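Hi everyone, thanks for making time today. I'd like to walk you through one structure, starting with its charged pairs and ending in its cores.

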Amino acid sequence: MASIRKRSIQLSKLCSFACCRSDSLDDHAQIAQKGYSRVVYCNEPDSQEQIRLKYRGNYVSTTKYTAINFIPKSLFEQFRRVANIYFLVVACVSFSPLAPYSAPSIILPLVVVIGATMAKEGVEDWRRRLQDIEANNRKVKVYDRSSCSFKQNKWKDLRVGELVTVYKDEYFPADILLLSSNYEDGVCYVETMNLDGETNLKLKHALEVTSSLRDAGSFKDFRALIKCEDPNEHLYSFVGTLYYDCQQYSLSPQQILLRDSKLKNTDYIFGVVIFTGHDTKVMQNATDPPSKRTKIEKRMDRIIYVLFSTLISISFIGSFFFGIETKKDISGGNYRRWYLRPDKTTVFFDPKRPAVAAFFHCLTGLMLYGYLIPISLYISIEICKVLQSIFINQDQAMYDEETDRPAHARTSNLNEELGQVHTILSDKTGTLTCNSMEFEMPALGVTEVEIALARKRGEQLTEPTSIDGFESKKSVKGFNFRDERIMDGKWVNEEQKDDIQKFFRVLATCHTAVPEVMDSGEIIYEAESPDEAAFVIAAREFGFQFFARNQTSIKLHELDLESGITVDRVYNLLHVLEFSSARKRMSVIVRNPENQLLLLAKGADSVIFERLSKQGRAFEDKTKEHIERYSEAGLRTLAVAYRELDDDEYKTWEKEFLNAKTSVTADRDVLVDEWADRIERDLILLGATAVEDKLQKGVPACIDKLARAGIGIWVLTGDKRGTAINIGYACSLLRHGMKQIVITLELPEIEALVKHGDKEAIAKASLDCVKKQINEGKLQVGKESSIEFGLIIDGKSLTFAMDKTLVNDFMDLAMSCATVICCRSSPKQKAVITRLVKSVTGKTTLAIGDGANDVGMLQEADIGVGISGVEGMQAVMASDFAIAQFRFLERLLLVHGHWCYRRISMMICYFFYKNITFGFTLFWFEAYTSFSGQPAYNDWYMSSYNVFFTSLPVIALGVFDQDVSSRLCLKHPSLYQEGVQNLLFNWVLILGWMFNGLLSSIIIFFLTTNSIIGQAFRKDGQVTDYSILGVTMYTCVVWTVNCQMALSINYFTWIQHLFIWGSIALWYIFLVVYGSIPPTLSTTAYKVLVEACAPSILYWLTTLLVVISALLPLLSYRAFQIRFRPMEHDKIQIQRRRSESLERDVAQSRLSESSETRNSSELPEEVRIRINSLKGSSRRKNS
């Protein structure tokens, strides 16, 4: 690539903030008000005044913990979970005589789970700590007043007011006011990727008054005072004033270099430190994003409460019956259970005080049945979600080769929520479209929208024939206009050549683009938006080439009307009234070579038309007609206008405008906009522009697939209604047969009121009009319920639809429609609508966008998806998931979303199933032993259950299971409704799994006890004892829950086989190892497998019988469900198996026919005739 030739451009006055002066300091009396109280003494960091202010140092820490608070703070984080608090209490009580098991057996699992989570957080925090150390110890050159030179210092030692110099490719150590650079006019280039993710360079410029300070010697006597806003998080705003040489100068964001941005294409800069450390804007933005919890997580908490209630209930039941049994032990001086020695007991078993004994027994029960609560549930889910996120990140089908960007799960907390999306709210430009603009002429080309509209009408569009001579010309990126009447300078022959000239002059001068000249001589433009670049390129193609600009002027190569040759013209640039989403326009004030003072403007047609003078409406009707035609073709339109200013009027306005600029108050921007609005009046219309923003690849197919999945789609766009509707048809938002409901205030009666200007009457009439249209729409939907509807509403109507008296009716209508398109929507409206949809539906909403104006919408939605497009990375940085193209949303939701939802749902249900199965065997055993509080199993059996013998299979389920393949997920989008309707994690299914666990525990306990108790268990005739019963039951539990897992899995991998059968094998290995430890430690487990259970055939037969019996309920239910009430994935699986079977039969048939034909061809002719004759006679006999 050719290197760029650096030009000594001077842009300090590109923005209208620059070098604003005032003779009086009284204008800044408000500077000390709240929010605007920061004072910086430049080059005097050691002065008493600066020290007295006690501003923060530049040391930065982004860690969550310190060495001192890590343990207490981390423990606090862990024990915010109610389940962990319970286990902590149980661990503490386990040291008392109340505990039914030894303290170490309950403490160790708790320590393992809590310790693993703390270790994970500790490692993550330590990495942040290392990054902080590296950043704080970076070096920067700081001005030393004693030696009048710059000396190296560490970032962390930097102070407010110090002068620093930063060199090319270095990061800025703090928020710095740019004083000068190696360029004469004090400009520099900055990369802000660490701040907003954008890789394109930003141009910054110093004030003209300080741009001459370009070496260490010039700073010897430099003193200045800065008064500015207090530290805040707004990256793109700055309000302040520089007092220097008895003058004051307004400061803007153009003079501020933010910490962590990088100096590029500039040898060095000089600056003064304004904000340090945690006061810098990047650190002020370092807040946690909005906390988002999935609906499954919230329901899981409620299930935990249900299990706690169950735990308390069965503990109370056990203690109640224990009290009754204990009271009966002494009756009339007789001892019923004499072997328990009721005459010599403690308070825990005292027949004389059964109520007290029952109370203590209840506490014992609360500890004993604690295994109903899954201790490893949270960490297991966390592990699964992290691994699921890795699979999303590595999915090659969501990798965009053109931009070299894969999908990226920026959080793992919301994976399963991807499978439950009910409504998608999408931006249009850059999200559905490419945001790559081309200057268009619809009459001489067919846009994608026109093709879609022709398809809708059943027409056939053919490409128009090319104009002679144009096909051979080199295509120009951003320019797709062909009109032989005005191309190649022929416009000078037109009747309205003066207006044409003014039109293209506006395009060539009304912008903030920066020209860069390549070594080849080609000029490329760095523009703030693709639209702006397209306009400058278009002006160049018509003979108005913008080639240079500096602080005070814009230079063009223009085609002269008189001579017909290209001449250089210089326009003095006085002010730029910048574009904003609120203003919807931009203007420049220039003085041309003829000394005329001109205001040149471009903006939304609705904004420009209302600012036209009576004499400036000559082209209004024709322009509106063109705009309507362009909109029908799906093009983005802007109106172009100008006015000539009177010198006296301009001077009066400029004085007030500069006062507004230099007012350091919270409402400065409002004041500036008000004064800009006052000069942007009485405009003369010149015409309109049209640019095409092409649809992204695969958008129509993706939207069609999402609609078939039952997902409602809303598009929130700033485009005109006509453009939005036609784009809707092009991308399948509006489909054939879909009826439109349009809510608009572009009606004659409303426009008539607008002309009279009575605001109250306009507001009342508009509210009534919108209400009427909403009610009519609801009636229409109610009458024709079998038809799909699309709702289109414009921005003004939307404002009234959000009124508290109408919002419920509006949302009822909107939710009844398959598609909703909101036109002319502001960023604030996007966020408000998203919040409304989320609250009204109560279901999962997903917002997707690509620009800074979509950030509010992304953060408000349950899931925010950012597209890494042309508008930078701000949307991506505010999102939960990032993709490169809209079409990847199809796979993200229908494949990964469905899988993650199913995996997490099944995983949680299975967790509760296995814990209920295990916990209730303890309850049945306690009932069997007269509610004695005796656990059925050895202490370490119970401790190892959730950690070793059942944890890995459930993690494998949460990571690898697939009910259907990705191809079938995309082929059958209706499968996605399982998540939207929450069919896999509703209360019926959850209680069904719990009931299955209860049933399994009953089968395991009663079948085991009836099978082996009272029988000769060993060869020597010994019967079953307590230790053998515990091992046999535990074996049945381990086999049952793992086999249930195997039955629930749809997609086996070798990892799942390893974890399931490995967990069962681990139980036997554990028994051998633990049983070989001396009985003082192993207690009831001492050689119980090797000497007692393994040699007994009864042990193995009982295990087989119990496991098969415990699995039968699930097998029976699944057989019934698949046969009579199949779910969507069951139907797809059955269909897939049938198609595979049919394919095998067809292949086998073809193979048989081929073999038969081959064999028959090898026989003699008379033998074949004889065989066929015998076959025919055989058929006749059968018939």
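**Salt bridges first**

Searching the whole structure turns up 36 salt bridges. Please keep in mind as we go that this is a predicted model.

Let me pick out a few of those pairs.

Start with Lys 295 and Glu 417, whose side chains meet in a salt bridge at 3.7 Å, N to O. Where do the two partners of this pair sit in the chain? Lys 295 belongs to helix α7, which covers residues 295–328, while Glu 417 lies in the loop between β18 (408–409) and β19 (421–426). They are 122 residues apart, so this pair links distant parts of the chain. Is Glu 417 buried or exposed? Glu 417 is buried, with a relative accessible area of 1%. Lys 295, on the other hand, is partly exposed at 26%.

Now compare that with a local pair. Glu 620 and Lys 624 form a salt bridge through their side chains, at 3.3 Å from N to O. Both are in helix α14, residues 620–632, and being four residues apart they are separated by about one helical turn. For anyone who wants the geometry behind that: an α-helix has 3.6 residues a turn, so residues three or four places apart point the same way. Glu 620 is buried, with a relative accessible area of 12%, and Lys 624 is partly exposed at 40%.

There is also a network of salt bridges, which links Arg 585, Glu 610, Arg 611, Asp 677, Glu 680 and Arg 681.

**Helix α20**

My next pair takes us into helix α20. The side chains of Asp 768 and Lys 764 meet in a salt bridge of 3.4 Å, N to O. These two are four residues apart in α20, and about one helical turn separates them. Asp 768 is partly exposed, with a relative accessible area of 41%, and Lys 764 is exposed at 57%.

What about the helix itself? Helix α20 runs over residues 759–783, which is 25 residues. From its first C-alpha to its last it reaches 36 Å, close to the 36 Å expected at 1.5 Å a residue. Which residues of α20 are buried? They are Ile 762, Ser 766, Cys 769, Val 770, Gln 773, Ile 774, Gly 777 and Val 781.

Zoom in on strand β8, residues 187–191, which pairs with β9 in the antiparallel sense over four bridges. Cys 188 is found in β8, and opposite Cys 188 in β9 stands Lys 204. How many residues apart along the chain are Cys 188 and Lys 204? They are 16 residues apart, with their C-alpha atoms separated by 5.3 Å. Cys 188 is buried, with a relative accessible area of 0%. Leaving aside neighbours within four places in sequence, the contacts of Cys 188 include Leu 178, Leu 257, Leu 263 and Ile 269.

The other stop is strand β3, residues 38–42, where four of the five residues are buried. β3 pairs with strand β10 (residues 224–228) in the antiparallel sense, over five bridges. Within that pairing, Arg 38 stands opposite Cys 228 in β10.

**The nonpolar cores**

The largest nonpolar core has 105 residues. Which residues have the most contacts inside this core? Those are Phe 918, Tyr 937, Tyr 941, Tyr 1034 and Trp 1067. Helix α26, residues 888–928, contributes the largest share of the core, with 17 residues.

Take Tyr 941 as an example. Setting aside its neighbours within four places in sequence, Tyr 941 is in contact with Val 1031, Tyr 1034, Trp 1067, Phe 1070, Leu 1071, Tyr 1074, Ala 1085 and Val 1088.

There is a second, separate core of 46 residues, and among its members are Tyr 729, Leu 846, Tyr 976 and Val 980.

How values were computed. Residues are numbered from 1 along each chain as its sequence is written. This is a predicted model: local features need pLDDT of at least 70, side-chain atom pairs count only at pLDDT 80 or more; totals for chains, interfaces and linings use all residues. Side-chain values use heavy atoms; hydrogens and water are left out. The expected span of a helix is 1.5 Å times one less than its number of residues. Buried means under 20% relative accessible area, exposed over 50%, partly exposed in between (1.4 Å probe, protein chains only). Two strands pair if DSSP finds at least two bridges between them. A nonpolar core is a set of buried Ala, Val, Leu, Ile, Met, Phe, Trp, Tyr and Cys residues joined through side-chain atoms within 4.5 Å. Contact means heavy atoms within 4.5 Å. A salt bridge is a side-chain nitrogen of Lys or Arg within 4 Å of a carboxyl oxygen of Asp or Glu.
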